[in-house]
Amino acid sequence: MSAPADGWQRWLVAAGIEPGRPWPQRLAALVLRPPAAAGLATLAGLFPQVNFRRPRLADPLRILLQLLWLGLVRPPARRPAASCRPIPWRAPLAAIPARLARGWSRLEAAVGSQPGRLRRFAAAEGRLGFWDRAALRYAAYALAAILALLCISTPFSTLAQAVFVGLLWSIALVIRRVPGPVATLFLIVLSVTASSRYLWWRVSSTLNWDIAVDFLWGTVLLAAEVYTWLILVLGYFQTAWPLKRQPAPLPEDTSRWPGVDVFIPTYNEPLKVVKPTVFAAQGIDWPADKVNIYLLDDGRRDEFRHFAEEAGIGYIVRPDNRHAKAGNLNHALTRTSGEYIAIFDCDHIPTRSFLQMTMGWFLRDDKLALVQTPHHFFSPDPFERNLGLFRRVPNEGELFYGLIQDGNDLWNATFFCGSCAVIKRRPLEEIGGIAVETVTEDAHTALKLQRRGYNTAYISVPQAAGLATESLSAHIGQRIRWARGMAQIFRLDNPYLGKGLSLAQRICYSNAMLHFLNGGPRLVFLTAPLAFLLFHAYVIYAPALSVALYVLPHMVHASLTNSRMQGGHRHSFWAEVYETVLAWYIFRPTTVALFNPGKGKFNVTAKGGLVDRNYFDWGITWPYLALVLANLAGFAAGVGRLAWGPADEIPTTLLNLFWTGYNVLLLGAAISVASEARQVRLSHRVRLDLPAIVHLPGGKLLPCRTEDFSEGGAAFALPAEAAPALARDAEVVVSLWRGREEHAFPARVVAAADSRLRVRWELFDAEQERRLVQCTFARADAWVSWADGRHRDRPLAGLREVLAMGLTGYRRLAEHGAPLAAPLLGRVGPALRWSASLLPRWPATYRQETT
Amino acid sequence: MTPRFPALIACLFLSCLGLAAPAAAAPKAKPEAAAPEQPAPSAQVRRLLFKDMTGQAVLPLRTTEGSTVVNFGSRADELVTRLRLRLRYTASPALIPGQSHIKVLLNDETVGIVPIGRQPAGQGASQEIDIDPRLVADFNRLKLLFIGHYTAECEDPLHSSLWTDISGLSELEVSVRPLAIRNDLTFLPEPFFDRRDLRRLDLPFVFAATPSTATVQAAGTVASWFGALAAWRGARFPVHREQPPRGNAVVFATNGERPAFLASAPAVAGPTLSVIANPADGAGKLLLVQGRDSRDLGIAARALVLGHAGLSGSQAVVKELKEEVPRQPYDAPNWVRLDRPMKFGELVASPQELQVFGHVPDAVRLNLRIPPDLFTWRSRGVPVDLKYRYSPPIRASESRLSMSINDELVQSFNLRSSGQGGESARIRLPLLDDGLQGESQEVFIPAFKLGSRNQLQFNFSFAYQKEGHCRDTLVENVRAMVDADSQVDFSGYPHYAEMPHLGYFATSGFPFTKYADLSNTVAVLPESPTAADLETLFALLARLGESTGYPGTRLRVAGPGDEAALRDADLLLIGASPRQSLLQRWSASLPAAIAGPGRRIAQPVRKVNFLYDWLGFGTAPDPAVASQAGIEGDGPLAAMLGFESPLTSGRSVVAVTAVAPEHLSLALDALEQPTLARGMHGSAVFIHPQKVESFLAGKTYVIGELPWWTALWFPLSGHPVLLACMAVLAVLILAFALWRSLRAVAAKRVEGRP
């Protein structure tokens with residue numbers, strides 16, 4: 001069947017005429033249909049992007065493009081619907097790609113639906129006991145190791161490498177659909193193999209020893225890649241098997257429950273921030289005689305002393321502020337005597353179930369010294385706020401608390417994170433209290449405990465929630481502290497040295513520390529293509545095609561595997577943004593700390609403030625602007641080289657252009673974060689769905705559910721038919737439940753419209769405030785369903801999102817940096833949309849069939 | 001293979017014999033002129049064609065002062081009595097008669113003028129010039145200088161109408177008369193080999209009626225020595241029995257076994273070398289290699305090839321011969337060194353060869369002989385540290401140095417005019433002093449271009465300065481030089497090759513030449529070798545000597561029955577099929593057979609399936625399922641066969657055979673022609689007159705050793721599918737192992753056990 005005929009028939013189908021009919025009938029169908037149908041409707045079907053009732057200037061162009069498109073392009077592959085008779089004009093040959101695609105998805109589905117078979121295989125293995133024979137087992141391992149080494153090291157021609165990686169990639173795509181841990185481990189090993197192969201290739205055949213400049217750049221890049229490889233492998237080791245520890249039940253007899261001191265250290269935070277934490281701590285379900293709450297005020301403020309007295313909790317101050325938070329806690333240790341110590345940062349509001357969820361394991365394991373729970377934040381961090389990601393994309397910390405700590409737990413390497421944790425007093429005193437040598441006292445304390453042979457545990461259920469850092473500068477400051485502290489520990493108390501740790505613990509700790517050294521390598525990746533584009537150094541001394549064939553599998557396998565392992569906790573490519581933003585800032589302190597670990601002081605993370613206007617943090621962004629300028633210069637040089645350079649360099653130039661283009665967009669995303677969005681509310685609204693009853697002024701009860709709430713107010717979704725007309729400032733009373741207890745809170749209406757009621761709390765005493773906190777933030781189930789409704793990670797979608805974010809960054813940069821150009825930039829969006837409207841699209845006929 | 005090399009230029013530098021010329025491009029004089037058996041002492045006349053002497057069909061003369069040079073030599077034992085140049089040429093019709101002419105110079109002395117420009121347009125012309133024979137020296141430069149003018153004023157020296165082409169059919173007619181010389185060993189290797197004679201060396205060997213293997217062995221050593229001396233000229237050794245032919249010859253005799261004409265001579269008392277007048281014509285000389293027995297004869301032969309420098313007088317008795325140290329593999333003097341980088345200075349006879357003059361000079365050429373079994377898989381290339389100097393060009397943008405290997409461009413460098421430029425610079429140009437610039441560049445020769453014989457070429461080209469009408473000046477004052485300190489490095493490669501590969505044998509005598517003294521070579525002759533068999537053996541040994549540049553002092557010759565001698569050696573099998581009994585005995589191993597009229601060629605199994613192949617199966621040709629074609633036929637046919645020795649694995653056999661002994665020379669003729677020799681490869685080469693056909697049939701084997709990791713990678717690198725399967729298996733096992741252990745760890749942790 002010739003192409004033009006095909007095209008003709010496509011037009012017929014698009015116009016709603018059966019192409020199978022003989023010619024006269026087709027003509028008749030065109031002419032004899034009712035004028036309305038044959039006219040506008042047909043045309044509208046044929047040209048869905050043209051509104052024939054309101055013709056526009058570019059319509060002729062649209063029609064022309066659409067005709068070409070229909071005539072030349074095959075419609076999307078689809079299953080023939082039962083009602084629709086087979087279309088005769090589909091040449092069998094043309095259907096092959098579609099068939100292949102269908103076969104592929106069937107294979108994927110088949111493999112994906114066969115976990116039972118795998119399990120049966122595993123069970124059969126158990127019965128046969130093949131693996132129980134040590135000799136056989138080790139022989140198999142040795143064989144596998146030799147084969148793997150061969151697969152990593154055997155050099156290939158370009159074609160052979162393409163076949164090799166193509167096969168492995170297909171296998172990975174199929175295995176990805178198989179649920180269960182074996183498939184995950186398969187992907188991990190495959191990814192390590194692919195990455196090791198890349199690294200081996202880089203080391204063995206891509207360094208140019210002949211030209212000093214090339215060699216120097218190449219070695220620096222290679223070092224960065226070795227680091228990345230190391231972090232990748234260590235990361236796999238750490239997260240291969242999250243333990244998913246369940247809380248251990250406590251004995252029935254509450255008299256056997258141990259005594260707990262709750263420490264709430266504070267330094268300069270406003271009372272407003274500390275209050276809910278204290279109130280929530282008072283509501284923790286634990287025998288009242290066995291729990292003591294202490295406010296450790298390093299700020300020595302009278303306001304706090306009064307509040308503590310009023311609330312009936314302990315208040316501890318000390319004469320100096322040595323060793324900051326660690327010193328504060330250590331001082332409190334000397335003044336208290338509880339067997340266990342629960343520590344909450346002053347902004348972390350614990351839920352009532354905190355102790356019951358965590359204490360069980362202490363009673364089961366005598367050597368257990370620490371139980372850590374996740375840090376949960378109900379306010380957006382600067383990334384989430386400035387990029388509009390809140391609750392849509394997992395934030396930076398979620399990977400750590402959702403997966404890494406859980407994975408560490410398998411190896412008994414969970415570490416203390418400074419808050420939301422319970423520590424046993426005796427082991428803590430044994431190691432001399434909280435560690436004071438470094439600025440990350442928490443991780444170091446856990447390390448010391450574990451060197452003494454104590455265990456740690458992690459329970460991955462959010463049992464407290466707090467405020468994220470407000471501004472990017474504060475966020476960066478916090479990360480700098482962590483990075484510096486980790487580098488300090490790496491120097492002062494290196495987990496690989498010293499005694500008391502198992503190998504796995506050493507690996508987990510070292511990974512936590514090495515991870516913070518990523519600043520340098522990241523900066524190298526951000527500048528590496530410039531070596532070629534600006535200085536003509538062949539950083540990777542190999543043809544561009546080979547580079548692609550080796551580096552792509554490394555990245556694709558890592559991405560597939562990480563997406564499967566981390567998908568719920570970190571979306572693909574977002575790590576790149578986080579690392580890019582921090583790279584410059586943690587590069588310096590970590591390097592300094594590695595050489596001189598004694599330098600650097602503790603800085604308190606500022607919280608509870610607000611960003612009162614939109615602004616652009618130029619101070620933070622200048623390193624990135626410099627990098628962008630350099631990359632843009634490189635990009636321009638690359639384009640120049642494409643046009644005027646030698647022809648044999650074009651592939652390499654394209655590769656480097658692609659790389660630098662990616663860098664530019666990544667930097668754009670980083671810049672985007674620096675564009676601080678205004679934060680209007682003094683208190684953060686938390687979206688939460690709770691049952692409530694609104695007592696209307698007339699005495700009418702309105703059962704409804706909360707949409708969100710904060711310390712200042714709440715919003716309710718009302719049943720549509722029951723939406724009352726409420727005046728602004730009308731007084732209402734809202735009933736909320738804490739377990740079975742009902743509590744009523746007076747409030748004033750802020751707005752009521754469209755089945756939505758917003759109120760402002762009118763609380764008159766601390767007791768009510770306490771009740772409100774306990775009914776909302778401190779509920780046992782407050783944070784459990786936080787991630788519901790989030791879409792699962794898809795690597796390509798993540799990439800697209802990150803790149804789009806990069807474009808946004810430049811738009812914002814232009815808005816702030818050159819306000820005059822902003823209107824012009826504002827036109828870019830509409831212009832793009834207008835251009836898109838010219839594009840041809842499938843007529844309704846096809847779209848119906850495909851759906 | 002290298003291109004034809006202007007053989008006569010090379011003769012200037014013959015003191016370094018082995019390196020002088022890459023190919024057997026020896027000009028072959030007409031047989032009637034070359035034959036030394038003409039009645040003595042009357043004068044002989046030789047015609048030397050320009051095309052044979054220069055290797056060029058046409059010698060173009062361009063620009064106002066174009067020139068070309070033809071080199072020729074004259075033998076020490078001949079006197080040139082008359083020299084006549086017959087110049088055939090075609091000149092541009094635009095040339096002004098009277099002003100335009102060709103000046104003929106012999107050894108820089110003007111010997112004649114050829115006026116041009118008077119002939120009708122487009123027609124060739126010829127002119128004869130008699131040259132005074134007294135001007136003839138040992139090595140002679142015949143220079144043709146073109147003085148062309150097309151206009152009286154504002155002449156453009158590069159004008160396209162300034163041309164004259166000298167035909168390659170122009171000739172020198174040389175009449176020579178033999179010169180009586182003393183019987184003196186001092187002259188050796190003259191008069192038996194004279195390096196001024198640019199023709200192929202044809203030196204008869206004289207034996208008794210049935211020479212023993214030991215005698216043949218001694219003669220073989222001598223043949224390889226003459227082969228090394230003759231170098232690119234090639235060498236043949238017609239075998240005569242009992243009586244010497246006319247002219248010069250080498251005689252091998254022991255007291256018990258001597259040719260008839262020596263029957264009355266006194267017995268020698270030990271290994272003896274002597275020169276006597278040839279009794280057959282009185283003018284030729286005979287070199288007698290004698291001994292009491294075959295052992296003595298061997299000592300005499302080795303003394304000749306190793307110690308000829310110390311011989312004098314008409315007879316020398318070898319009292320003592322210190323055995324030379326056995327040669328190490330791959331240490332042939334003619335081959336590049338593999339243990340260290342080589343300086344360019346080591347690769348040429350004189351540093352002058354690295355220097356060129358003029359705007360578009362001839363290339364600087366470096367000949368490299370490389371062992372063919374160098375395993376360069378995944379090598380980034382052979383590093384060349386290139387340093388060069390040149391006069392600063394005026395127009396740097398169009399002046400460059402191109403480096404090529406075997407006429408394939410490797411890299412070009414722009415020549416810079418830093419600090420120089422403008423009109424005056426041309427005049428002030430200092431030569432050889434500080435004005436010459438030095439630069440160093442490191443480049444890599446693409447390793448795949450390395451054959452066993454290679455030529456590195458460095459072409460300088462300088463742009464001409466053209467400033468406008470009537471303002472042209474052309475001063476050929478430009479010179480350039482590749483520094484002798486530049487180096488090329490072939491060290492560090494393992495030796496590994498898939499055999500049989502007759503191409504290796506044809507171009508470099510490999511694998512026999514792996515040891516330059518042929519210590520691992522056993523030549524196997526038929527039980528009663530014919531003259532043709534012996535002649536073939538000696539010619540082949542001469543080729544081996546030419547390849548290594550070293551005589552085969554440890555060569556062994558054995559008969560087909562001597563199985564003990566055939567073990568653990570590379571065998572060179574000579575003999576027409578019916579007479580060489582080993583060919584019958586080993587017929588199962590042969591890739592092909594041409595015994596008598598019946599000819600058989602085994603076809604290897606075809607590689608059919610791409611995937612199957614990439615899985616690693618069925619890659620080697622399988623002789624068990626090979627088809628065999630039996631062909632009946634007659635007519636001349638020779639063949640070379642390569643196969644693994646049935647006696648010792650890893651050892652090679654090269655058999656040179658033919659349907660009849662007289663057809664063996666077909667093989668020798670084919671080997672002498674570079675175009676035919678280049679077509680030889682695989683395990684079987686059928687040689688017809690003027691045509692060769694090569695096949696790879698039968699079993700293959702490998703020689704040499706790879707490091708163990710390369711030995712693993714090399715076969716696997718061709719099988720990505722197999723490797724992917726291996727990867728999946730490995731990953732499955734490891735994933736399963738991880739699953740088991742992680743599950744156990746997790747269970748332990750959840751139980752709360754330590």
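**Exercise 1. Determine how many residue pairs are in polar contact between chain B and chain A.**

Solution. Between chain B and chain A, five residue pairs are in polar contact, both residues having pLDDT 80 or more. A polar contact is a pair of N or O atoms within 3.5 Å; within protein, one must be able to donate a hydrogen and the other to accept it, and residues adjacent in sequence count only if both atoms are side-chain atoms. pLDDT is the predictor's confidence in each residue, from 0 to 100.

This is a predicted model, in which local features need pLDDT of at least 70 and side-chain atom pairs count only at pLDDT 80 or more, while totals for chains, interfaces and linings use all residues. Residues are numbered from 1 along each chain as its sequence is written, chains are lettered from A and ligands numbered from 1 in the order in which they are written, and side-chain values use heavy atoms, leaving out hydrogens and water.

**Exercise 2. State which elements of chain B give two or more residues to the side that touches chain A, and classify that side.**

Solution. Step one: the elements are β25 (437-445), α14 (708-716) and α15 (720-751) of chain B. Helices (H or I, at least four residues) and strands (E, at least two) are DSSP runs, numbered from the N terminus. Step two: α15(B) gives the most, with 26 residues. Step three: by class, this side of chain B has 28 nonpolar, three polar and seven charged residues. Ala, Val, Leu, Ile, Met, Phe, Trp, Tyr, Cys and Pro count as nonpolar, Asp, Glu, Lys and Arg as charged, and the others, Gly among them, as polar.

**Exercise 3. Find the area buried between chain B and chain A and the salt bridge across the interface.**

Solution. Step one: the buried area, the accessible area (1.4 Å probe) that two parts lose on being put together, summed over both, is about 4,100 Å², and carbon and sulfur atoms give 76% of this. Step two: in chain B, Trp713(B), Phe736(B) and Arg749(B) lose the most area to chain A, together 17% of what that side buries. Step three: the rule finds one salt bridge across the interface, defined as a side-chain nitrogen of Lys or Arg within 4 Å of a carboxyl oxygen of Asp or Glu. The side chain of Arg749(B) meets that of Asp409(A) in a salt bridge (2.6 Å, N to O).

**Exercise 4. Explain why helix α19 of chain A is described as largely enclosed.**

Solution. Eleven of the eleven residues of α19(A) (residues 441-451) are buried, so the helix is largely enclosed by the rest of the structure. Buried means under 20% relative accessible area (1.4 Å probe, protein chains only). Gly453(A), whose phi is positive, near 90°, follows α19(A).

Terms used:
Buried means under 20% relative accessible area, exposed over 50%, partly exposed in between (1.4 Å probe, protein chains only).
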